[in-house]
Amino acid sequence: MRERSGWMLAAVGGALLGAISPVSAQTADFDGHRVVRVDVRDEQQLAHLLTIASDVWSENTGVGPLDVRVAPEQFALLAATDLKFDIMVEDVGALIAAAEPSGIAGVSPFVDYLPYDQVLAYLDALVALRPDLASIVSVGPSLENRTITAIRITGPGGGAKPGVLYHGCQHAREWVTVPAILYIADRLIRDYDTDPYLRELVDEIEWILIPVVNPDGYVYSWTNNRLWRKNRRNNGNGTFGVDLNRNWGYQWGGEGASTNPNAEDYRGPSAFSEPETQALRDFILARPNLVAHTDVHSYSQLVLWPWSYTVALPPDQYEFNLVGTTKESLIEAVHGSNYVVGPTYTTIYPASGASIDWTYGVANTLAFAYELRPDSPTPGFLLPADQILPTCEEVFPALIYQADYASSKIRIDLPNGVPTSVLPGAAWTLHVRVTSAGRDPVDPASVIVHSRTAANGPFTETVATPLGNDLYEVMLPPRGCGTPTQIYISAAAVGGGTTFLNPPQAPAAVYTVPIGVLSVAFDDNFETDQGWTVQNTAVTAGAWVRVDPNGTTQGGGPAQPEDDNPDGTGTFCYVTGQGTPGGAVGAADLDGGPTRLLSPRLALGGQYPTVSYYRWFYNDDGDDSLIVEASDDDGASWTLVHTIDTSGRVWSRGSFELINYVEPTDNVRLRFSVSDNPNNSVTEAAVDDVQITVFACGGLLLGDLNCDNVVNNFDIDAFVLALVSPAAYAVQYPACDILAGDVNEDGVLDNFDIDAFVGLLTP
Ligand code: 0X9
Ligand code: ZN
């Protein structure tokens, strides 16, 4: 895992329960409190430290360097132990005092932090500036009955406009998120007359901006405890607060959220138990026009997207990554700040019940979360006021871009998917649904299916036929058996603009439709021995072994899996060394290596094999990997297929077209290799459910003039002979069908087939 300093989420984990004093009504006093970075060597030291410290400031609690806050008397206790530590913050109280707002009434929100009533007054002032564009909208009541207040901004003209909803301050102490939202409203309103681009976005989009979605917490962070995070729910056991960003109802109650009411990431008693999340949920559900959502937090300088609850990537990962990396450069272009982008789970930590998982997973918006300045624990939440304006300025273009992108988006779906294969000689139909997010309608003449029959040839464009209700269809012509058909779809809005693609990375990525009859050539769930061999080099422990695995754990998560792939059958798989139930994690992992798992020889000559397998990989220092290779010469030489170097801690599926790596010969082998060399970490890998599907032609293979079931240079002589003298061809190749030479599939073998035939031979 990437090392990051950061203590965004303090006091995570039940171990801290006893150490945290119940919140009193008095102003929390952090004078003389230090933040120390302790070198925690093992679980015992960790447990001991957690009985001493007030709370944890690192984002993950575990063995290794750990930042904790200690009161002066706790510091004395710590100093008396043999734990080694560095002092990171000398005086938390002084840090808070240094970032104290001036409290001057009427001050700009971009010059100093504003108390809640002045935030509302600022919204009123903006509405007063442009009542034709802006209005105050009530989202609903907070727990203490404050009104969660939005400013709605849109230009003249009604009708269905795509909407965007951006908000700050789910977490009370993240003060800079409030001006960041106000700044958007400010610019949209003040620059409407002078900036044609912003004017267009205001006219064509409904903007809902909520500077503070947790008003009770925000007020409390001003009056009582500057470092308050949650809402102000009385949990009934002397503790207060539910983490609103663990209370949303998509996969609520999973990883990365606490059941402990005292914890900073307490998820609440049930999904949407809190008035604040309920109000936002109902507000969003009542507005199906919403296309984008942003939840602004601080700090760490990150741009995050779903999922937060699982390591799995969202279905729209490609698009999130595209928009996310564009945001990264837009931000950097303003003041040079570096923001790290990625899915929440892997970029910060697991967090179930987070807002963006719900607004993406349920409300179907393009949902991002930000962590604003600074990038380090000091000053962390206590960002000096002179950094408010640059922070607002640097994220503004990225936030605007997200709204522009999401609201002009055209979506291309394949309601029936693409066929896994089609029969040789049969025409087939593709159904496409094309919808517009609303700023401009779809241009029906722009819906085009691009198809080609050679891996590198030009695409043929077929304009789709509209069927009504956003549905279109395209009839694709019958083809002989051979190279798969490749397709992608494009569409644009009336008036042009961006051409949207499916798959979005087309034509670099395409849908592949094999022509032929699908069959399974090899299937191994490792319940029996199908002839795999293990080859070890410098392995001292943890070589590949076929077992029903015993799980091991490290840092609260699995290292070696307890079960084989849950999507497959049986209980066995290959793992790197069998774990001992309850044994130490390091005793059962791989040491040295590589250990290599070699498949039996696979006869795949002349076919189109798709290989799929399931894998597990865990490595606690990030310098090892699981390597997947293929060979077409019985293992004499190897071609790299996949490198898995992220610790998923879950089973995931890998698949590839063999032909993209090696020739499908009768001497194919697969190989899975992993090493921990030098032996410096916990390294665990597992492999299960290796399956190879192939397409048998069961008929004519186009281009296979010598009928040996492969199209290659050995067909050239036969093709030329067939072309110049069909009679001579029939004599020399009595078992073959001359129509295999009709490569362009126009019904005859003639000179027009030459280019197509050459196309089959040149990869
Ligand atoms: O833990 C959180 O809720 C967020 N970090 S913070 O330090 N600001 O508390 C990160 C969660 C990402 N946000 C969403 N997934 N909405
Ligand atoms: Zn936050």
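In this predicted model, Ile-716 is partly exposed, with a relative accessible area of 33%. The residue lies in helix α13, which spans residues 716–724. Together with Val-720 and Val-724, Ile-716 forms a nonpolar patch on the surface, and the accessible area of these three residues comes to about 250 Å².

The protein as a whole comprises 15 helices and 35 strands. Its C-alpha atoms fill a box of roughly 100 × 70 × 40 Å along the principal axes. Of its 763 residues, 52% are classed as buried. The accessible surface of the protein amounts to about 30500 Å², and carbon and sulfur atoms contribute 52% of that surface. Among contacts in the protein with a separation of 6 or more, 75% involve residues 24 or more positions apart.

An open sheet of 4 strands is arranged in the order β2-β3-β1-β4, and its pairing is antiparallel. Strands β2 (55–56) and β4 (84–89) form the edges, each pairing on one side only. Strands of a sheet pair through backbone hydrogen bonds, in either a parallel or an antiparallel manner. Between β2 and β3 (residues 64–70), the antiparallel pairing extends over 2 bridges; Asp-55 has Arg-69 of β3 as its bridge partner. Helix α1 (residues 43–52) packs on this sheet, where the helix touches β1 (34–40), β2 and β3. The direction of α1 makes an angle of about 165 degrees with that of β1.

Terms used: Residues numbered from 1 in each chain as written. Chains lettered and ligands numbered in written order. Predicted model: local features only at pLDDT ≥ 70, side-chain atom pairs only at ≥ 80, totals over all residues. Heavy atoms only, no water. Pairing = 2+ DSSP bridges. Contact = heavy atoms within 4.5 Å. Axes fitted to C-alpha atoms, helices over the stretch in contact; angles between N-to-C directions. Patch = residues over 30% accessible without salt bridge, like charges linked within 9 Å, V, L, I, M, F, W, Y side chains within 5 Å. Areas by Shrake-Rupley, 256 points an atom, 1.4 Å probe, with all protein chains shown as cover. Salt bridge = Lys/Arg side-chain N within 4 Å of Asp/Glu carboxyl O. Buried < 20%, exposed > 50% of the residue type's maximum accessible area, 1.4 Å probe, protein only.
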